[in-house]
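Trainee: Could we go through this model together, one question at a time?

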Amino acid sequence: MGHGSYEDNKKAVWKGLVILAIITLVEVAFSLFGKGYLGIDQSTFTLYFAGLFLIIFSFYKAYYIIYKFMHMADEVSGLRLSVLLPCLLLVWAIIAFIMEGTSWGERRALIENKNSEQVKEKTSFNDTYFMNTKEINNA
Amino acid sequence: MATETLQKSTTQQDAWEGGDKKPFEASYGKIMMWYFLLSDAFTFAGFLIAYAALRFSVPSWPVPDFVFSTTPFGGHHLPLIFVTFMSFVLIISSATMVRAVQEGHRENKNGVVFWMFLTIIGGAAFLGCQAWEWNNLINVEHMTLHTNPFGTHEEAGTYMEGDGVDIKEGDSFTAGEPYLIHNVDGHYHQLKYKTVDGEVKQQAFGPKTFGALFFFITGFHGFHVLSGVVFLIIIAVNSFSGLYEKRKNGYEMVEKIGLYWHFVDLVWVFVFLAFYLL
């Protein structure tokens with residue numbers, strides 16, 4: 001739709017295309033930077049630094065596609081909110097499932113450690129059981 | 001057009017336009033397309049969140065710029081180049097789709113058909129790229145739904161044998177370095193190596209879920225692209241035949257398939273983020 005003239009709208013499309021293409025290139029550069037391809041070696045800092053910006057860039061691209069290409073800006077606020085607000089539910093889903101995944105990983109590591117532990121003294125169930133009954137009988 | 005609508009009472013004919021008083025001032029079809037896209041967004045979000053949970057549950061994950069570093073025509077060690085090209089193809093096809101919708105508003109039949117034709121070519125090109133990528137992963141690198149030959153070293157060491165491609169005997173590596181277990185004649189060859197502590201080990205397979213997640217999520221997206229291309233073709237043919245010129249709401253079908261097509265591009269932004277960038 002758009003409110004400008006046909007020529008303006010036409011220009012806006014190519015402007016949008018250039019913006020999205022440049023952001024994509026910057027994203028790839030950030031990703032490679034985070035993985036240690038562009039000079040600085042990979043570290044937890046570069047990974048998280050790049051990751052933060054990658055997420056921000058991706059959400060900007062999403063905003064641009066929804067508002068400019070899908071013309072969400074021209075819809076009334078009721079439609080806009082009823083489509084966009086439910087997506088906020090996903091924020092908690094993302095946090096919760098990343099925590100859940102981390103916990104699965106910790107549990108898996110714990111089980112592996114327990115399985116590889118060496119048992120020092122071997123006492124069978126019967127020995128313990130009969131020893132205890134003897135002690136009780138003696139008492 | 002406005003007088004036409006006023007003349008008709010709010011009978012069944014108008015139900016598809018949302019009646020006299022349109023909810024959200026949009027037609028029934030467009031509102032429903034938005035809600036369909038919302039529900040589809042939740043489906044994709046569910047997949048990508050499952051990916052995140054499983055990725056966080058293992059100590060190491062295949063390094064994307066190592067896994068996705070081959071291009072057609074024999075390109076090797078070119079991290080992310082091919083997928084960046086694929087993203088461009090999709091973004092460009094999204095822009096040509098906006099142009100088609102604009103021409104639809106002007107009731108310019110030839111313009112609509114021309115720009116939709118370019119969009120269809122973009123969609124088909126993206127599917128072609130994805131087919132190449134899948135073929136490379138399945139038939140060349142031998143990744144399956146449950147076997148993931150892309151591993152990552154968890155400690156430093158030295159190889160005791162070579163694979164005849166990238167790794168030579170005596171090559172040393174550091175912790176965090178990725179590797180591909182080559183498959184020759186139907187057998188995976190897990191190379192032996194000596195860790196810095198002198199222990200002899202062999203390359204372990206990568207996290208099992210990687211293949212299933214990759215093929216399901218990119219496959220589900222690819223299926224959306226494929227059905228998008230099919231609908232684009234149908235609507236382009238309808239436009240060409242002059243069907244929409246006769247309709248009261250003109251080229252609204254082009255607008256609706258446009259919404260769907262941009263959504264496919266939107267999902268790719270996040271698939272690209274999760275699988276290739278992070």
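Mentor: Gladly! Two strands pair if DSSP finds at least two bridges between them, and helices (H or I, at least four residues) and strands (E, at least two) are DSSP runs, numbered from the N terminus. This is a predicted model, where local features need pLDDT of at least 70, side-chain atom pairs count only at pLDDT 80 or more, and totals for chains, interfaces and linings use all residues. Residues are numbered from 1 along each chain as its sequence is written, and chains are lettered from A, ligands numbered from 1, in the order in which they are written.

Trainee: Over how many bridges do strands S2 and S7 of chain B pair?

Mentor: S2 covers residues 157-159 and S7 residues 192-195 of chain B. Within this pair, B:Thr158 stands opposite B:Lys194. The strands pair in the antiparallel sense, and the number of bridges is three.

Trainee: Which strands of chain B stand at the edges of the sheet?

Mentor: The open sheet has four strands in the order S3-S2-S7-S8, with antiparallel pairing. Each edge strand has a single partner strand, so one side of it is left without a neighbour in the sheet. Those edge strands are S3 (172-173) and S8 (200-202).

Trainee: Which element of chain A gives the most residues to the side that touches chain B?

Mentor: Two residues are in contact if their C-beta atoms, placed from the backbone, lie within 7 Å. The contact takes 43 residues from chain A and 41 from chain B. On the chain A side, the elements that give two or more residues are H1, H2, H3 (77-84) and H4 (89-116). The top contributor, with 13 residues, is H1(A).
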